Amino acid sequence: MHADTLRSVVVLGSTGSIGTQALDVIGADPGRFRVAGLAVGGGNPGLLAEQAASYGAEVVAVADATAVPALKEALAARGASPVVLAGPEGVAEVAAWPCDTVLNGITGALGLTSTLVALEAGRTLALANKESLIIGGPLVKRLAAPGQILPVDSEHSAVQQCLWAAGPDGHRPEAVRRLVITASGGPFRGRERAELLDVTPEMALAHPTWSMGPMITINSATLVNKGLEVIEAHLLFDIGFDRIEVVVHPQSIIHSMVEYIDGSTIAQASPPDMRLPIALALGHPGRIAGAARAIDWTLAHTWTFEPLDDKAFPAVALARHVGTEGGTAPAVYNAANEACLEAFIGGGLPFLGIVDTVAKVVEEHRVTPADSVEEVLAADAWARARATELVRSVAAG
């Protein structure tokens, strides 16, 4: 196949869990994809250089400018000479680099600018950075053309597949009775609130189903991640919060479902493997053969579903509240949570204190419209600062 027919891809967050799996998918089908650029938010310049050399990236960027010397040294050692960019503006430049698809796998609010830049440049956006959609919802939706954003989260990829399976009528919001977003329940499924008092970071990082980065793993333990996914589902599919339900499914085989107004429910099922939703987003509208293993139907299977315990895990209900409020409220929810996660990992906040503190920050915040990046980032900065103040008061008291 001639190189001009290859689909060119930029991978943002290439050294993280999503980024490395995306490169696995790309590397497994070299006749279909080529890597145009790579970017990371933080460290590990050695791995970034190794990726750039292995995949022939034209450009690389690192948000932490202090990592550039080490990156250049590592690139030279591997005989690679891509364009090297630095700082958040360098990552944004890679997001607009000439290519077909930008996969945004950067973790946290840092990904917002890259999402906006990629959309404005007309790239297809494979979105794993849910935070950028959640905190900048109005900005992102204003820029995005129909079908320009393809979700990489397994739950939203599942919903998308269910909508596709239902045919043209299935895409109409009025044909959908509700979206059912599944949750594994994390490592503390079935525990009551009182049983979560002594949870340590090590315990929270022991996810029973998925292998993910620390932020997403702990967000799954608190179910903040599921709250973020509810907001994301609302924004992606234009379905009201009253028609988005979360159901606990410990086996993580059914990734989400769509229930239609006639009583029919379509579900997407596959073993837990992020390479499948990644491959769907990169290969759309086609499918990539062998992207992930299928269910072995020669074995017996038992799949269970349980209601979510909102008392032990109030993060989803809180997310519904901030999603309904709109404006800067989702940005505050996300930013306060990120600050609390850092404090929990560092031993400065108990596990239950994460969502409790986020709720206090949300309650104190005066919601304003999210009409510009500056307004969103100002709310983000305020929430981080206020959460940090509350964490310190908890530690002192």
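Student: At its relative accessibility, does Phe351 count as buried or exposed, and how should I read that word?

Tutor: Buried means under 20% relative accessible area, exposed means over 50%, and partly exposed lies in between, with a 1.4 Å probe and protein chains only. Phe351 has 4% relative accessibility and therefore counts as buried. Before we go on, note that this is a predicted model, in which local features need pLDDT of at least 70 and side-chain atom pairs count only at pLDDT 80 or more, while totals for chains, interfaces and linings use all residues. Residues are numbered from 1 along each chain as its sequence is written, and side-chain values use heavy atoms, with hydrogens and water left out.

Student: How many aromatic pairs does a search of the whole structure find?

Tutor: The rings of Phe, Tyr and Trp (for Trp, its six-membered ring) pair if their centres lie within 6.5 Å, and planes under 30 degrees apart count as stacked, over 60 as edge-to-face and the rest as tilted. By that rule the search of the whole structure gives three aromatic pairs. One of them joins Phe188 to Phe351, with 5.2 Å from centre to centre and 75° between the planes, an edge-to-face arrangement. This pair links distant parts of the chain, 163 residues apart, with Phe188 in the loop between β8 (176-183) and α9 (201-204) and Phe351 in helix α15 (residues 351-364). Such labels are DSSP runs numbered from the N terminus: helices are H or I with at least four residues, and strands are E with at least two. Phe188 counts as buried because its relative accessibility is 1%, and ring pairs link Phe188, Phe344 and Phe351 into a cluster.

Student: Which residues of α15 are buried, and what covers them?

Tutor: In α15 the buried residues are Phe351, Leu352, Gly353, Ile354, Val355, Thr357, Val358, Val361 and Val362. Their cover includes α9, α10 (214-222), α11, α13, α14 (329-345) and α16 (373-396). Glu364, which also lies in helix α15, counts as partly exposed because its relative accessibility is 41%. Contact means heavy atoms within 4.5 Å, and, not counting residues up to four places away in sequence, Glu364 touches Trp382, Arg386 and Leu390. The C-alpha atoms of Glu364 and Val391, which are 27 residues apart along the chain, are separated by 15 Å.

Student: At what angle do the axes of α11 and α13 cross?

Tutor: Axes are lines fitted to C-alpha atoms, for helices over the stretch in contact, and angles run from 0 to 180 degrees between N-to-C directions. The axes of helix α11 (residues 224-237) and helix α13 (residues 315-325) come within 8 Å and cross at roughly 30°. That is why α11 is described as roughly parallel to α13, since angles under 35 degrees count as roughly parallel, over 145 as roughly antiparallel, 65 to 115 as roughly perpendicular and the rest as oblique. A crossing is left-handed if the near helix is turned anticlockwise from the far one by less than a right angle, and right-handed if clockwise; the crossing of α11 and α13 is right-handed. Val224, Lys226, Gly227, Leu228, Val230 and Ile231 of α11 make the contact with Ala315, Val316, Ala319, Arg320, Val322 and Gly323 of α13. These contact residues divide into eight nonpolar, two polar and two charged, where Ala, Val, Leu, Ile, Met, Phe, Trp, Tyr, Cys and Pro count as nonpolar, Asp, Glu, Lys and Arg as charged, and the others, Gly among them, as polar.

Student: Turning to the backbone, where does Asp238 lie, and what is the phi of Asp238?

Tutor: Asp238 lies in the loop between α11 and β9 (244-248), and its phi is near 55°, a positive value in a residue other than glycine. Ser252, in the loop between β9 and β10 (254-260), also has a phi near 55°. Asp238 is partly exposed, with a relative accessible area of 46%, whereas Ser252 is buried, with a relative accessible area of 5%.

Student: Which peptide bond is cis?

Tutor: The peptide bond from His284 to Pro285 is cis, with omega near 10°, and Pro285 is found in the loop between α12 (275-283) and β12 (306-307).
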